[in-house]
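The sequence and structure come before the details.

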Amino acid sequence: MTTEEQNSQGRELPGADVRNEVSAPVGGHVVQAGVVHGGVHLHPGRERPVVPHQLPAAPRVFTGRAGELAALTAALDDAADTGATVTISALGGAGGIGKTWLALHWAHRHLDRFPDGQLFVDLRGFTPVGEPVTATEAVRGFLGALGVDPAGMPTDLDAQVGLYRSLVAGRRLLIVLDNARDTSHVAPLLPGNSASTVLVTSRRQLAGLVTTHGARPLDLDVLPEAEARQLLAGHLGDARVAAEPAAVDAFLECCGGLPLALSIVAARATAHPGFPLRLLAEELRDHTTRLDELDAGEIPLNLRAAFSSSYAALTAEAAVLLGLVGLAPGPDIGLPAAASLAGLSVPRARALLRELETAHLVSQPSPAATGCTT
């Protein structure tokens with residue numbers, strides 16, 4: 001017995017005969033106790049929630065959209081000021097208008113606002129290949145990203161949604177629901193009581209998301225000429241763009257400010273860096289074959305494929321009317337003329353034009369206008 005185990009009068013201290021034996025490696029703190037009365041309760045530390053990082057890379061070349069970027073940031077700031085539980089922005093626009101690029105560009109600029117992570121899913125609501133992603137598939141993907149073991153996931157969709165909303169409750173997440181077909185496609189993926197921000201992109205105007213869930217609509221238009229030119233320069237370089245101004249002017253006219261069309265032209269020109277740009281410009285000038293030329297050899301860079309998936313989602317009557325108004329000379333057509341062209345009553349033509357407008361395939365130029373811009 002050591003002197004430490006005896007008091008100053010030579011008597012043994014209580015518990016001096018206690019010996020601790022360790023038969024395995026010890027990690028962390030070790031506490032040696034004398035006599036323990038009662039049970040021993042271990043309280044393991046609470047596991048930290050998984051922080052997902054599912055965002056795809058931001059677009060390498062991005063230009064313009066200052067107003068839209070500011071609107072998204074303002075929505076986030078307003079929610080923080082008012083204490084809103086969920087901030088939802090619905091980005092709408094035609095296929096190829098740049099909705100996903102805008103969402104990703106904005107998201108990567110504000111990652112610090114979402115310390116609990118980012119969730120992303122391409123719902124493929126409008127896709128020329130494959131089927132749309134179901135709500136069940138999307139929720140299970142989110143649950144996996146949040147650390148739920150697949151073996152422990154509920155089989156019922158409502159139970160999956162309930163678990164998902166429980167996991168994101170109170171967390172500052174960014175949730176990007178890309179390429180949604182309609183409001184019902186994204187409703188199960190919306191958080192309940194959460195500090196999250198949701199960005200939804202769709203080719204349709206999601207009125208149900210606005211009226212039922214308080215989403216802020218943000219429709220994208222084509223790029224102004226200056227921004228379209230800047231986008232081309234970002235892809236091709238300032239020197240190549242400056243060397244052939246006439247060809248670049250032709251690109252801008254033929255692409256109509258559509259970011260996807262401009263990117264396809266840039267991809268084709270980049271594939272042949274030694275070719276004059278005027279050769280590609282000459283191919284684009286024939287409007288009867290222009291869609292064939294706006295193809296870079298892959299589905300994401302194929303303008304016909306982008307348009308066809310929007311067309312396929314129309315009702316049969318609306319699809320016929322779209323084809324007919326596209327034959328009318330000039331960019332505009334009045335409602336009576338559209339009705340006469342299709343052999344329809346004015347009220348029926350108005351309803352079908354509204355369907356086309358909701359799909360971002362035509363637009364009403366002004367509140368007083370009775371026709372559409374094609």
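## Lining of the second largest pocket

In this predicted model, 23 residues line the second largest pocket, and those nearest its centre are Gly96, Thr100, Asn179, Arg203 and Pro300. The space in this pocket comes to about 640 Å³.

Helix H2 gives the most, with three residues. Sorted by class, the lining holds ten nonpolar, eight polar and five charged residues.

## Packing of H9 and H11

Helix H9, spanning residues 245-255, packs with helix H11, spanning residues 277-284, at an angle of about 30 degrees. The axes of H9 and H11 are 9 Å apart. Angles under 35 degrees count as roughly parallel, so H9 is roughly parallel to H11. The handedness of the crossing of H9 and H11 is left-handed.

## Residues of the helix contact

Which residues of H9 and H11 make the contact? On the H9 side they are Ala247, Val248, Ala250, Phe251 and Cys254. H11 contributes Leu277, Arg278, Leu280, Ala281 and Leu284.

By class, the residues in the contact of H9 with H11 are nine nonpolar and one charged, with no polar residue.

Methods:
Residues numbered from 1 in each chain as written. Predicted model: local features only at pLDDT ≥ 70, side-chain atom pairs only at ≥ 80, totals over all residues. Heavy atoms only, no water. Axes fitted to C-alpha atoms, helices over the stretch in contact; angles between N-to-C directions. Helix = DSSP H or I, 4+ residues; strand = E, 2+ residues; numbered from the N terminus. Parallel < 35°, antiparallel > 145°, perpendicular 65-115°, else oblique. Left-handed = near helix turned anticlockwise from the far one by under 90°. Contact = heavy atoms within 4.5 Å. Nonpolar A, V, L, I, M, F, W, Y, C, P; charged D, E, K, R; others polar. 1 Å grid on protein atoms, 1.4 Å probe; cavity = no way out; pocket = protein on both sides within 12 Å on 5 of 7 lines; lining within 4 Å. Points joined across faces, edges and corners; volume = space filled by probe spheres on them.
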